[in-house]
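Good morning, and thank you for coming.

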Amino acid sequence: MSKKPYPLGACIENNHITFRYASKSSSCGVILYGKASGEKLKKIPFGEEDRIGNVYCKTVEDVEPSKISYLFYEGEQKVADEHARFFVGKFAYGETKKTEDLKAGFVTEDFPWEGDKRPHIPYADMFLYLLHV
């Protein structure tokens with residue numbers, strides 16, 4: 001299995017999860033939590049063999065993506081995944097969140113399109129907006 005330093009964050013790839021994290025720290029890794037319980041399951045350190053430049057790439061095969069959440073860490077400090085596609089829990093808008101509240105998870109279900117079809121609108125009849133966020 002070849003390691004590539006992109007995309008950053010965590011991705012489900014075949015039957016494993018690959019965590020990629022950019023850090024200049026030599027003491028960093030990922031902490032896995034039970035998605036439902038929030039209980040710490042495993043602390044997985046990144047080693048020099050996982051490093052490509054300043055990006056660490058670690059593959060984990062013995063976990064079920066739908067049952068875990070995660071945070072990265074540097075030293076003793078927990079770090080939320082700024083590239084996450086999903087965060088576990090619900091938050092009130094405008095509420096200050098602690099890092100421990102920003103555990104990332106995985107979208108493991110397909111969206112139920114329920115017969116939606118492409119509208120086939122000609123480009124000449126469309127209004128398109130481009131937004132940089």
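Let me begin with a definition: a charge is said to sit over a ring if NZ of Lys or CZ of Arg is within 6 Å of the ring centre and within 35 degrees of the ring normal. Please note also that this is a predicted model.

With that definition in hand, consider lysine 103, which lies over the face of tyrosine 33 at 4.5 Å from the ring centre. A second case is lysine 43, placed over the face of tyrosine 73, with 4.4 Å to the ring centre.

Tyrosine 33 leads us to leucine 71. These two residues are separated by 38 residues in sequence, while their C-alpha atoms are 8.3 Å apart in space. Leucine 71 belongs to strand β7. Is leucine 71 buried or exposed? Its relative accessible area is 0%, and leucine 71 is therefore buried, the cut-off being under 20%. Beyond its neighbours within four places in sequence, leucine 71 has contacts that include Val30, Tyr33, Val79, Leu102 and Lys103.

I turn now to the core. The largest nonpolar core has 18 residues, and those touching the most other members are Phe19, Val30, Leu32, Phe46 and Tyr70. Two or more residues come to this core from each of β2 (16-22), β3 (28-34), β6 (55-60) and β7 (68-74). As for leucine 32, if neighbours within four places in sequence are set aside, its contacts include Phe19, Leu41, Ile44, Val63, Ile68 and Tyr70.

Next, the rings. How many aromatic pairs does a search of the whole structure find? The search finds seven. In one of them, phenylalanine 19 and tyrosine 70 have ring centres 5.2 Å apart and planes at 75°; because an angle over 60 degrees counts as edge-to-face, so does this pair. The pair links distant parts of the chain, as phenylalanine 19 is in strand β2 and tyrosine 70 in strand β7, 51 residues apart. Both phenylalanine 19 and tyrosine 70 are buried.

Phenylalanine 19 also forms an edge-to-face pair with phenylalanine 72, at 6.4 Å centre to centre and with 90° between the planes. Phenylalanine 19 lies in strand β2 and phenylalanine 72 in strand β7, so this pair ties together parts 53 residues apart in sequence. Phenylalanine 72 is buried, as is phenylalanine 19.

Finally, the cluster: ring pairs join Phe19, Tyr21, Phe46, Tyr56, Tyr70, Phe72 and Phe106. Thank you for your attention.

How values were computed
Residues are numbered from 1 along each chain as its sequence is written. This is a predicted model: local features need pLDDT of at least 70, side-chain atom pairs count only at pLDDT 80 or more; totals for chains, interfaces and linings use all residues. Side-chain values use heavy atoms; hydrogens and water are left out. A nonpolar core is a set of buried Ala, Val, Leu, Ile, Met, Phe, Trp, Tyr and Cys residues joined through side-chain atoms within 4.5 Å. Buried means under 20% relative accessible area, exposed over 50%, partly exposed in between (1.4 Å probe, protein chains only). Helices (H or I, at least four residues) and strands (E, at least two) are DSSP runs, numbered from the N terminus. Contact means heavy atoms within 4.5 Å. Rings of Phe, Tyr and Trp (its six-membered ring) pair if their centres lie within 6.5 Å; planes under 30 degrees apart count as stacked, over 60 as edge-to-face and the rest as tilted.
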